[in-house]
Amino acid sequence: MHSSQASRVVLVTGASSGIGLACVELLSARGHVVYGTSRHPPPEQPARYRLLELDVTREDSVRRAVDTVLEREGRIDVVVNNAGHALAGALEDTSVEEAWRQLDTNVLGVFRVCKAVLPAMRARRSGRIINIGSLGGVVGLPFQGFYSASKFALEGLTESLRQEVEAFGIQAALVQPGDVRTRLTDNRVRAKDSGEGSAYLAPFEKALGIIEKEERAGVPPEDVARCVLALMDAGDMPVRVSVGKLAQRAAVVAKTLLPAKAFEGLLMSMYGLKRRG
Ligand SMILES: NC(=O)c1ccc[n+]([C@@H]2O[C@H](COP(=O)([O-])OP(=O)(O)OC[C@H]3O[C@@H](n4cnc5c(N)ncnc54)[C@H](OP(=O)(O)O)[C@@H]3O)[C@@H](O)[C@H]2O)c1
């Protein structure tokens with residue numbers, strides 16, 4: 001049973017800034033028992049929630065954080081898989097190692113956390129997993145190929161997971177934010193070969209300038225946190241929900257309605273790319 005009044009035990013990865021921070025602040029203010037995580041939690045704990053150390057790229061670190069919550073609270077009702085970072089650069093300029101790091105954090109990180117929490121959720125025949133995807137996981141963004149690939153992967157992973165865990169009383173859903181004003185923009189990693197000497201330098205810099213400008217003008221992270229709260233309180237969670245500026249969310253609909261090449265042309269012009277011929 002899910003009464004929106006009932007206090008639930010929630011684990012939010014990547015809660016030191018941006019969307020994760022907005023989630024732990026909102027959910028703890030609503031009376032939930034909230035554990036956020038960071039790779040480097042500060043020595044002073046916040047008043048309303050706990051911050052645990054967790055690096056989603058390390059299985060032992062994930063296990064330790066999940067075990068800590070289970071030992072203290074006896075259960076985890078909701079997991080918000082939010083930790084992530086963004087890699088930028090033309091695909092040709094991206095090294096296999098850089099691509100791997102992006103997928104390791106954004107995809108395998110979610111996978112590691114799911115594997116760690118599912119046994120306890122199955123035992124209680126209850127639980128919710130909310131994965132923070134992106135509209136960049138619906139539309140392949142130029143010069144963010146592996147970021148988009150990581151978020152496309154989360155779409156498939158979440159769809160598969162939902163079907164597997166339903167019989168155990170567990171639900172999963174995806175949140176697809178458009179541009180959100182967070183530290184993601186300043187924290188973005190640029191592929192090492194994307195600078196001087198790259199054949200893509202001019203269009204890359206132009207597109208990245210547009211991407212960063214849009215992000216800085218994006219919706220506040222609190223909008224995404226409210227969306228997470230609504231999912232927690234929903235009777236049955238939908239497969240996915242988008243959040244952000246209407247024009248960006250409309251792109252998801254436009255992709256299904258327009259011929260693929262026409263949609264691609266629109267996208268290219270949005271990012272300052274010229275169509276050949
Ligand atoms: N901002 C946007 O426009 C936007 C749009 C769509 C989707 N998203 C998604 O929203 C999520 C949150 O991003 P944000 O925008 O809030 O960015 P942010 O402000 O940079 O926050 C990222 C969070 O992820 C954590 N993190 C990064 N690498 C980690 C790792 N290996 N292990 C554990 N935690 C890690 C960081 O924590 P520590 O550094 O303290 O460990 C930080 O708390 C990401 O999945 C992102 O892809 C963002």
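## Met-232 and helix H7

Met-232 sits in helix H7. In this predicted model, Met-232 is buried, and its relative accessible area is 0%. Between Met-232 and Arg-50 there are 182 residues of sequence separation, and their C-alpha atoms stand 19 Å apart in space.

## The ligand and its shell

Which residues are closest to the ligand? They are Ser-16, Ser-17, Ser-38, Tyr-147 and Thr-182, within a shell of 29 residues that surround the ligand. By class, the shell divides into ten nonpolar residues, 14 polar and five charged. Three helices each supply at least two residues of this shell: H1 (18-29), H4 (145-165) and H5 (184-187).

Polar backbone atoms also face oxygen atoms of the ligand. For Ile-19, the distance from a polar backbone atom to a ligand oxygen is 2.8 Å. For Arg-39, a backbone N or O atom lies 2.7 Å from an oxygen atom of the ligand. For Arg-183, the corresponding distance is 3.3 Å. The ligand taken alone exposes 890 Å², and the protein buries 94% of that area.

## Cysteines without disulfides

How many disulfides does the structure hold? The number is zero. A disulfide is a covalent bond between the sulfur atoms of two cysteines. Here a pair of cysteine sulfur atoms would have to lie within 2.5 Å to count.

For Cys-114, the closest cysteine sulfur belongs to Cys-23 and is 16 Å away, so the two are too far apart for a bond. For Cys-227, the closest cysteine sulfur is again in Cys-23, at 9.0 Å, which is also too far for a bond. Cys-114 is buried, with a relative accessible area of 5%. Cys-227 is buried as well, at 11%.

## Ser-194 in its loop

The loop between strand S8 (189-190) and helix H6 (201-216) contains Ser-194. Is Ser-194 buried or exposed? Its relative accessibility is 3%, so Ser-194 counts as buried. A polar atom of the Ser-194 side chain lies 2.6 Å from the backbone oxygen of Ala-191.

## Two residues with positive phi

Most residues other than glycine have a negative phi. Arg-125 has a positive value, with phi near 50°. Arg-125 is placed in the loop between helix H3 (96-124) and S6.

Phe-143 likewise has a positive phi, near 65°, and is a residue other than glycine. Where is Phe-143 placed? Phe-143 is in the loop between S6 and H4. The relative accessible area of Phe-143 is 12%, and the residue is buried.

Note on methods. Residues are numbered from 1 along each chain as its sequence is written. This is a predicted model: local features need pLDDT of at least 70, side-chain atom pairs count only at pLDDT 80 or more; totals for chains, interfaces and linings use all residues. Side-chain values use heavy atoms; hydrogens and water are left out. A residue is near a molecule or strand if one of its heavy atoms lies within 4 Å of it. A polar contact is a pair of N or O atoms within 3.5 Å; within protein, one must be able to donate a hydrogen and the other to accept it, and residues adjacent in sequence count only if both atoms are side-chain atoms. Accessible areas come from the Shrake-Rupley method with a 1.4 Å probe; for residues, only the protein chains shown count as cover. Helices (H or I, at least four residues) and strands (E, at least two) are DSSP runs, numbered from the N terminus. Ala, Val, Leu, Ile, Met, Phe, Trp, Tyr, Cys and Pro count as nonpolar, Asp, Glu, Lys and Arg as charged, and the others, Gly among them, as polar. Buried means under 20% relative accessible area, exposed over 50%, partly exposed in between (1.4 Å probe, protein chains only).
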